[in-house]
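The sequence and the structure are shown first.

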Amino acid sequence: MQIEVTNVRNRDRKTLLERSALFFARQLKIADRYGILVIKSVPGLLKNERTAARMDMFAPFVYVIEIDSRITGENLLETVAHEMVHVKQRALGQARHEIRGGRVVRFWMGKKVDPKTHYYDLPWEVEAYTKQRILVNSLLKTVGMFNDV
Ligand SMILES: [Zn+2]
């Protein structure tokens, strides 16, 4: 998976985004998958869309993560990790959706998901929230910034 970070002027932030996304892609075993991942920094995303980040596919094999430009530190790492779990879910076909009769029907592991499901109970969110901290911990451990076991 080719990773490109766009709309980020600060070199350190750009490098952090590139390297953390690559690390998480390796952990999630999708680094060698065919595709392009664009990580875009978006000013005002949180304020305007009420979300710190989001992931979508704009074509087959084209994954786009948008992240609010003001998210920083470990919060930023957790956000990248969370969205990378969603990239993994889409890349492996674990989460997908179809348009049927003008409506979006969402599937998880091949099974239809009740559209009334609460956000935090959506299976892809449960997985992303569960794994984001684990992924960040293993990143911090790797770079020697995390001493807890
Ligand atoms: Zn999510």
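## Contacts and overall form

Two residues are taken to be in contact if their C-beta atoms, placed from the backbone, lie within 7 Å. On this basis, residues 24 or more positions apart account for 62% of those contacts in the chain that have a separation of 6 or more. The model is a predicted one.

The chain has 149 residues, for which a compact globule would have a radius of gyration near 15 Å; the value for the chain is 15 Å, which agrees. The C-alpha trace spans about 50 × 35 × 30 Å along its principal axes. Of the 149 residues, 28% count as buried.

## Secondary structure

Four helices and seven strands make up the secondary structure of the chain. Read from the N terminus, the order of the elements is β-α-β-α-β-β-α-β-β-β-α.

Two packed helices are described by the angle between their axes and the distance between the axes.

## Packing of H3 against H4

Helix H3 covers residues 73-91 and helix H4 covers residues 123-142; the two pack at an angle of about 130 degrees, and their axes are 8 Å apart. H3 and H4 are therefore oblique to each other, and their crossing is right-handed.

On the H3 side, the contact involves Glu74, Leu77, Glu78, Ala81, His82, Val85, His86 and Gln89. On the H4 side, these residues meet Trp124, Glu127, Ala128, Lys131, Gln132, Arg133, Leu135, Val136 and Leu139. Sorted by class, the contact of H3 with H4 contains eight nonpolar, four polar and five charged residues.

## Packing of H1 against H4

Helix H1, residues 11-27, packs with H4 at an angle of about 115 degrees, the axes being 10 Å apart. H1 and H4 are therefore roughly perpendicular to each other. The crossing in which H1 passes H4 is right-handed.

H1 contributes Ser20, Phe23, Phe24 and Gln27 to this contact, and H4 contributes Leu135, Ser138 and Leu139. The residues in the contact of H1 with H4 comprise four nonpolar, three polar and no charged.

## Packing of H1 against H3

H1 and H3 pack at an angle of about 45 degrees, with 10 Å between their axes. That angle makes H1 oblique to H3. The crossing of H1 and H3 is right-handed.

The residues of H1 in this contact are Leu17, Ser20, Ala21, Phe24 and Ala25, and those of H3 are Leu77, Val80, Ala81 and Met84. By class, the contact of H1 with H3 has eight nonpolar residues, one polar residue and no charged residues.

Phenylalanine 24 lies in helix H1. Is this residue buried or exposed? A residue is buried if 20 or more other C-beta atoms lie within 10 Å of its own; phenylalanine 24 has 26 such atoms and is therefore buried. Apart from neighbours within four places in sequence, phenylalanine 24 is in contact with Val80, Ala81, Met84 and Leu135. Threonine 72 is 48 residues away from phenylalanine 24 along the chain, and the C-alpha atoms of the two are separated by 17 Å.

Arginine 100 belongs to strand S5, residues 95-100. A residue with 12 or fewer other C-beta atoms within 10 Å counts as exposed; arginine 100 has 8 and is therefore exposed.

## Residues with positive phi

Which loop holds phenylalanine 61? The residue is placed in the loop between strand S3 (53-59) and strand S4 (62-68). Although phenylalanine 61 is not a glycine, its phi is positive, at about 70 degrees. Phenylalanine 61 counts as partly exposed, because 15 C-beta neighbours lie inside 10 Å.

Methionine 109 likewise has a positive phi in a residue other than glycine, with a value near 50 degrees. Methionine 109 is in the loop between strand S6 (103-108) and strand S7 (111-112). With 13 other C-beta atoms within 10 Å, methionine 109 is partly exposed.

Note on methods
Residues are numbered from 1 along each chain as its sequence is written. This is a predicted model: local features need pLDDT of at least 70, side-chain atom pairs count only at pLDDT 80 or more; totals for chains, interfaces and linings use all residues. The radius of gyration is taken over C-alpha atoms; the globule rule is 2.2 Å times the number of residues to the power 0.38. Axes are lines fitted to C-alpha atoms, for helices over the stretch in contact, and angles run from 0 to 180 degrees between N-to-C directions. Angles under 35 degrees count as roughly parallel, over 145 as roughly antiparallel, 65 to 115 as roughly perpendicular and the rest as oblique. A crossing is left-handed if the near helix is turned anticlockwise from the far one by less than a right angle, and right-handed if clockwise. Ala, Val, Leu, Ile, Met, Phe, Trp, Tyr, Cys and Pro count as nonpolar, Asp, Glu, Lys and Arg as charged, and the others, Gly among them, as polar.
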